[in-house]
Amino acid sequence: MNYDVIVIGSGPGGYVAAIRASQLGLKTAIVERESLGGICLNWGCIPTKALLKSAQVFEYINHASEYGIKTAEAEADFAAVIKRSRGVAEGMSKGVQFLMKKNKIDVIMGTAKVKPGNKVEVKSEDGSQKEYAGKHIIIATGGRSRELPNLKQDGKKVIGYRQAMVLPEQPKSMVVVGSGAIGVEFAYFYATMGTKVTIVEFMENVVPVEDEDVSKQLLRSFKKAGIEVMTSSSVESVDTSGAGCKVQVKTASGMQTIECDIVLSAAGVVANIENIGLEETGIKTEKGKVVVDEFYNTSVKGYYAIGDIVGGQALAHVASAEGIICVEKIAGHKPEPLNYNNIPGCTYCSPEIASVGYTEKAAKAAGYELKIGKFPFSASGKASAAGAKDGFVKLIFDAKYGELLGAHMIGANVTEMIAEIVVARKLETTGHEMIKSVHPHPTMSEAIMEAAADAYGEVIHL
């Protein structure tokens, strides 16, 4: 069969690209080897948020007395929590199925391989193969859990994020290797559910891509929650021969042995670019990623790549934005290239983390003279009323022109608040304009206005 567009992979990059292509009048097909929605909907963003919500509810119940509410002792039903998460994921995947039908997109189930001459070969589960032709082929095969050489995953005692979402029973103790978004989210979930959690991070700070002030605050909050954190440390080996795991950790003060039930490897993701026909088709790769231009053309005409397999941040919303830009360019529109310095990053542990743009360290390294404003949630009326006083909003401005260079937040609901900053930066809003934009009271979002005011010596509530 012949198509205008064939998309390989139905994650948030692939299915969004397919829908936009169909909206623009292009005959479209999408190939998926597992479940519509890809990792994000089935094994990533969505089911993990369902798990985290269950943990948050459990935490609320356990602290109900602080709000003047008397409750009987709460007990977590781990299997029911996992079941709810899987139900949420299945519901979202069915939603994508509906969107494919609504937009008249052909869904081809099987494993795809790109071939020269604008062809895609699809191998079905029964072993049969079929070839499809597409004027434009978009590769959106996503990523998977990165496996460290000295931390081989067996899927039972040493696991990745997929197994962490469906463990048959709750472990009494767990070592989480890596403190990026995946690591700290699972650390919060399991610790809140009652598992003894130790985080081992190779870098000097937890959540190392974040501003250092955010890293320090999360460390304080996690320690208060009973999570043990070991920074500047590395897992050298894991002995799984006994009933549990013996983890050898190299620290600044020497080797330590930690015993636990489960080791979760959360050392990031690696792109799925193997065995998909890139070499045969002549598509160029570099450092494990497909090389593309600003409109996602690969080195071979008619073939495109988006999402986790290209340069940029490995985030669902980035993949979706890339997919839309790629397809609009194919359709003859004039989309604006994506500004990768205005991409929000969100981490959904408790307290939540949200950031966009330059960190303080990066802004200084780029040669900017800075004005920095910071407003703690301990001074926020809404945060006090909600019992969520941990954290702050930190804004970084260029002292010369007032440009908003970056924003870094940690606290309750900050993942919902960061979009204001993304829009402000897109519109090139200055610090003074933010101060004069009236924010509703009482809200957590007032902290943004107050942080801007703090940068210019005009803060009221500090």
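Let's start at I159, which stands opposite L264 in strand 15. Strand 15 covers residues 262–265 and runs parallel to strand 8, with 2 bridges joining them. When I say that two strands pair, I mean that DSSP finds at least two bridges between them. Helices (H or I, at least four residues) and strands (E, at least two) are DSSP runs, numbered from the N terminus.

Before we go on, please keep in mind that this is a predicted model: local features need pLDDT of at least 70, side-chain atom pairs count only at pLDDT 80 or more, and totals for chains, interfaces and linings use all residues. Residues are numbered from 1 along each chain as its sequence is written, and side-chain values use heavy atoms, with hydrogens and water left out.

Which order do they take in the open sheet of 5 strands? The order is 8-15-9-10-11, and the pairing is parallel. Strand 8 (158–159) and strand 11 (228–230) are the edge strands, each pairing on one side only.

For the antiparallel sense, look at strand 13 (residues 245–251) and strand 14 (residues 254–260), which pair over 7 bridges. A hairpin through 2 residues joins strand 13 to strand 14, and T251 stands opposite G254 of strand 14.

Now to the aromatic rings. Rings of Phe, Tyr and Trp (its six-membered ring) pair if their centres lie within 6.5 Å; planes under 30 degrees apart count as stacked, over 60 as edge-to-face and the rest as tilted. Searching the whole structure gives 7 aromatic pairs. Take F189 and Y190: their ring centres are 4.9 Å apart and their planes are at 75°, so this pair is edge-to-face. Are F189 and Y190 buried or exposed? Both are buried, where buried means under 20% relative accessible area, exposed over 50%, and partly exposed in between (1.4 Å probe, protein chains only). Ring pairs also link F189 and Y190 with F78 and F186 into a cluster.

Y358 and Y368 make another edge-to-face pair, 5.6 Å centre to centre with 70° between the planes. This pair links distant parts of the chain, 10 residues apart: Y358 is in the loop between strand 21 (352–357) and helix 10 (360–365), and Y368 is in the loop between helix 10 and strand 22 (370–376). Y358 counts as partly exposed because its relative accessibility is 21%. Y368 is also partly exposed, at 28%.

A charge sits over a ring if NZ of Lys or CZ of Arg is within 6 Å of the ring centre and within 35 degrees of the ring normal. R86 has its charged end over the ring of W43, 4.0 Å from the centre. For K374, the charged end sits over the ring of F392, 4.4 Å from its centre.

A salt bridge is a side-chain nitrogen of Lys or Arg within 4 Å of a carboxyl oxygen of Asp or Glu. How many does a search of the whole structure find? There are 17 salt bridges. In one of them, D213 meets K374, with the closest N and O atoms 3.3 Å apart. D213 lies in helix 7 (residues 212–224) and K374 in strand 22, 161 residues apart, so the pair links distant parts of the chain. D213 is partly exposed at 22%, and K374 counts as partly exposed at 32%.

Helix 10 comes back here as well. K364 and E360 form a salt bridge, the closest N and O atoms being 2.9 Å apart. Both lie in helix 10, 4 residues apart, which is about one turn of the helix. D211, D213, E360, K364, K374 and K394 are linked in a network of salt bridges.

To finish, some backbone details. S350 and P351 are joined by a cis peptide bond, with omega about 5°; P351 is in the loop between strand 20 and strand 21. H441 and P442 are joined by a cis peptide bond too, with omega about -5°.

Then there is positive phi in residues other than glycine. K287 has phi near 50° and counts as exposed at 83% relative accessibility. Y296 has a positive phi of about 75°. Why does Y296 count as buried? Because its relative accessibility is 2%.
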